[in-house]
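Please open the structure in your viewer and keep the selection tool at hand. The tour below goes from stop to stop, saying at each one what to select and what is found there.

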Protein chains: 2
Amino acid sequence: MVCVGASCTRTVHRLCVRGLCSPSYPEDQDPTRLLLQLCVDRYYVSPGEANKGRFQRGVSCSYGPLGAELHRNLLRQWWLSVTRSKARVFGLNTQSIGGDRATRPGQLRVVDCDGLTQLLNRRDLSTEQLVQEMKSVLQMSSPVRTNLLQGALEQFVPSSELVNRKLPFGLAEAGLCFQPANGSGCRPAEVTQTSLVWFCSPRTSSQWLDHWTRQRLKWWRKFALFLSDFSTSEVLGEDLEEATTRGVRITYDFPWGKETLETLWSRGESELLQIYGGERSKLQCRDGSKTVPHVVSMTGNMDRGVLAFLSNSFQQLKSDDGKQKLQHRKVLKLHPVLTPVKVSLNISRGATLELRQVCEGLLQEFLEADITVWPGYLETLQTSMEQLNRKYDEMGVLFTVFISETTLESGLVQVRSRDTIIKETMHISQIRNFISRYISAADNI
Amino acid sequence: MVCVGASCTRTVHRLCVRGLCSPSYPEDQDPTRLLLQLCVDRYYVSPGEANKGRFQRGVSCSYGPLGAELHRNLLRQWWLSVTRSKARVFGLNTQSIGGDRATRPGQLRVVDCDGLTQLLNRRDLSTEQLVQEMKSVLQMSSPVRTNLLQGALEQFVPSSELVNRKLPFGLAEAGLCFQPANGSGCRPAEVTQTSLVWFCSPRTSSQWLDHWTRQRLKWWRKFALFLSDFSTSEVLGEDLEEATTRGVRITYDFPWGKETLETLWSRGESELLQIYGGERSKLQCRDGSKTVPHVVSMTGNMDRGVLAFLSNSFQQLKSDDGKQKLQHRKVLKLHPVLTPVKVSLNISRGATLELRQVCEGLLQEFLEADITVWPGYLETLQTSMEQLNRKYDEMGVLFTVFISETTLESGLVQVRSRDTIIKETMHISQIRNFISRYISAADNI
């Protein structure tokens with residue numbers, strides 16, 4: 001890897017090793033701009049300035065096919081990590097609007113506009129009556145959730161029966177939450193949150209916070225190319241009343257500054273007591289002696305997570321295999337487990353029906369092994385191998401397979417690796433296992 | 001299997017073979033009541049009459065740990081089936097509120113109640129001004145989506161570039177959609193929808209509708225115990241204008257009547273043209289000749305799907321191993337792939353530390369193989385083996401493993417099957433593979 005920043009003199013700078021180090025970028029080389037454009041061009045994010053803006057703000061946007069798959073993969077990994085970590089983590093699926101929480105205060109609410117408009121059109125009401133009617137309709141309407149914590153706390157009692165009221169245990173959920181608009185012209189935003197709410201005895205809550213902080217940071221770093229971009233910092237209690245409250249943020253160091261990916265809080269018992277009307281007897285659990293559990297909450301933003309991993313894996317490298325003109329090779333080195341497309345299947349020009357049939361067979365094999373495939377052989381536009389490789393590198397495709405006339409004779413195919421750009425020849429019967437093993441090896445590091 | 005309906009004379013009646021056939025039930029034996037209560041007792045659905053009501057209506061409710069897992073499994077199977085079926089199905093992830101669709105009409109909208117209340121509290125406005133202001137705020141607010149189709153149609157152009165504008169291809173998405181309240185006192189409901197939108201040439205759209213109808217019915221029936229409960233029926237076009245419109249419903253025959261699980265429509269081209277302002281050139285794709293694609297949509301309700309599979313798999317059988325008194329054995333015979341807990345790990349009374357350690361090891365093995373485990377060995381309440389089996393049958397646990405002192409000596413464990421109630425003895429080193437193979441075999445039928 002060679003640094004492309006002409007004026008850069010450092011050799012181990014974090015942006016430098018990615019080819020993103022120039023202290024003053026010409027506008028067309030600003031790494032943030034380049035990354036966002038690449039995400040739109042390569043089907044991670046749907047086009048449109050407003051949509052790109054949401055994406056960069058770390059709230060839910062309209063994802064393209066590759067972004068949707070990355071999002072899915074990330075959520076699945078989160079789920080596996082929290083549910084596999086302990087025998088006593090259970091999943092939940094609570095409602096995002098209203099439900100039994102109608103009396104809960106909430107700034108954002110879902111209203112029936114037809115009903116409100118009808119009310120506004122009534123001529124028989126005085127201003128005062130109209131205001132009263134409007135207020136009561138708004139008050140009766142369903143609040144939308146802003147976090148998943150509340151739902152988990154409400155499920156505490158039924159869930160605790162599941163483990164015979166024995167501590168510790170956890171409730172996990174992932175889903176959409178809503179945020180009020182911040183500023184005029186802005187619309188309410190939606191965020192894909194992950195939540196693990198951990199119920200433990202008061203005397204262990206501080207240790208659990210430390211335990212989970214290590215676990216969660218380890219999880220984020222597992223998929224990172226540059227580990228130091230992910231870090232933790234202690235936060236002071238905000239509006240949580242207890243003095244014992246402690247919090248930790250896991251942040252990602254974006255080119256434009258640090259942003260929070262996940263927040264962990266040791267929250268004490270007060271919120272649980274509030275929900276259950278202070279009835280301590282309802283809440284008592286066993287961990288040696290009887291006790292009202294303390295709550296450790298972990299709330300992650302997986303939309304910002306998607307952005308963080310895209311940013312972390314984005315590299316701009318001097319292309320070595322360029323002939324005359326020096327080219328910058330842009331590549332998304334997403335972790336093998338996360339990257340949306342694991343392998344692309346391609347055929348050389350002048351493709352025959354037989355070559356396509358070979359591809360179809362291989363495609364089925366991959367799909368059955370749960371390996372996502374890009375059917376490059378279906379494309380009818382003539383593109384050079386360099387163009388194809390450039391496209392697949394920008395998409396983050398892990399391996400590119402070329403099927404040619406030789407394959408029909410000898411069964412040999414060419415496999416190019418995104419990360420090493422080495423081209424290997426191997427027998428067609430071995431590819432599936434080769435790629436499966438490569439991905440599991442990366443998963444188990 | 002013996003029918004428990006005292007007054008039933010039929011032998012092959014669909015409710016009869018499940019022990020749910022009595023023409024006039026005493027209230028405590030009504031199969032719907034029994035099923036709903038079992039779902040609450042066994043952690044499928046959170047308690048509360050309102051929540052049970054939503055569950056039975058087939059809209060999203062608050063699910064307990066087992067329900068959440070069943071819901072996840074069903075969505076995952078749907079995803080695998082649509083994305084594996086063809087190389088050219090791509091995932092999407094669009095927004096559930098507002099986004100770029102602010103100008104779209106919508107009855108349900110998310111509003112900032114604090115802002116509206118402030119407006120209502122202003123004393124300086126005349127009634128007319130207030131009404132005008134309120135209306136404009138409502139009009140500017142973000143509509144929530146009622147289906148996923150609209151989002152997919154809006155993503156048609158960027159997605160078509162992905163396949164070089166070659167037909168056919170499909171866009172798949174699963175997510176929450178919202179429904180206006182139907183009747184007073186009711187709140188807006190949310191539904192977990194699945195959507196596959198298939199773009200094809202006009203001359204093939206009718207064949208594709210037939211193809212997908214077969215595929216989708218096959219998918220629903222794949223996980224069913226009683227196939228005939230799932231059926232299809234043609235529907236007449238509702239508000240779709242074209243005369244060529246055809247629709248098919250996939251329904252489930254609940255004890256209280258047929259309800260729709262999924263609807264397939266051959267929708268023509270009109271909605272696409274409307275979104276893109278009638279610009280045919282923007283929409284033209286190739287399938288032999290150039291053409292504006294026709295749309296075949298498939299919209300499923302996975303909340304009702306969860307209810308359908310629970311209902312389909314629920315059986316009440318005369319217990320044969322009862323001693324004096326005749327007992328009814330209630331069991332959820334959920335498909336091995338769907339059932340939330342595949343195996344429970346238990347130890348006999350007087351458990352030693354060594355037995356627990358064996359369980360911990362086995363638990364890790366199962367978790368690594370992605371097999372969900374119920375850690376029964378952590379329970380400290382003394383329960384008989386009959387009580388345990390009854391509980392696990394009602395939870396739909398596929399296999400119950402008993403570790404005993406014998407295991408420490410010989411490595412042998414007892415494995416009980418939910419479906420055959422046969423107890424087998426096998427070596428502890430074989431269980432994981434045995435269960436994995438059992439589940440994959442069921443998956444591949």
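## First stop: a sheet in chain B

Begin by selecting B:S344, whose bridge partner in β15(B) is B:W374. Before going further, note that this is a predicted model, in which local features need pLDDT of at least 70 and side-chain atom pairs count only at pLDDT 80 or more, while totals for chains, interfaces and linings use all residues. Residues are numbered from 1 along each chain as its sequence is written, chains are lettered from A and ligands numbered from 1 in the order in which they are written, and side-chain values use heavy atoms, with hydrogens and water left out.

Now widen the selection to strand β14 (residues 343–347) of chain B, which pairs with β15(B) in the parallel sense over two bridges; helices (H or I, at least four residues) and strands (E, at least two) are DSSP runs numbered from the N terminus, and two strands pair if DSSP finds at least two bridges between them. Both strands belong to an open sheet of five strands in chain B, with the order β15-β14-β16-β17-β18 and mixed pairing. At the edges of this sheet stand β15 (373–374) and β18 (423–427) of chain B, each with a single partner strand, so one side of each is left without a neighbour in the sheet.

## Second stop: a sheet in chain A

Turn to chain A, where five strands form an open sheet in the order β15-β14-β16-β17-β18, again with mixed pairing. Select strand β17 (residues 412–417) of chain A, which pairs with β18(A) in the antiparallel sense over five bridges, and look for A:V413, which stands opposite A:M426 in β18(A).

While chain A is selected, it can be coloured by its division into domain 1 (65–94 + 148–331), domain 2 (113–142) and domain 3 (341–443), with bounds that come from an automatic or database domain assignment. The centres of domain 2 and domain 3 of chain A, taken over C-alpha atoms, are separated by 62 Å.

## Third stop: where the chains meet

Show both chains and select the residues in contact (heavy atoms within 4.5 Å): 79 residues come from chain A and 79 residues from chain B. The area buried between chain A and chain B is about 7,200 Å², of which carbon and sulfur atoms give 54%; buried area is the accessible area (1.4 Å probe) that two parts lose on being put together, summed over both.

Which residue meets the side chain of A:R84 in a salt bridge? The partner is B:D370, at 3.6 Å from N to O, where a salt bridge is a side-chain nitrogen of Lys or Arg within 4 Å of a carboxyl oxygen of Asp or Glu. Helix α3 (residues 65–85) of chain A gives the most to the side of chain A that touches chain B, with 10 residues. Between the two chains the count is four salt bridges, and over all chains the structure holds 37.

## Last stop: a loop with two backbone features

Finally, select the loop between α7 (156–162) and β4 (169–179) of chain A, in which A:P168 is found. A cis peptide bond joins A:L167 and A:P168, with omega about -10 degrees. A:R165 lies in the loop between α7 and β4 of chain A, and has a positive phi of about 55 degrees although it is not a glycine.
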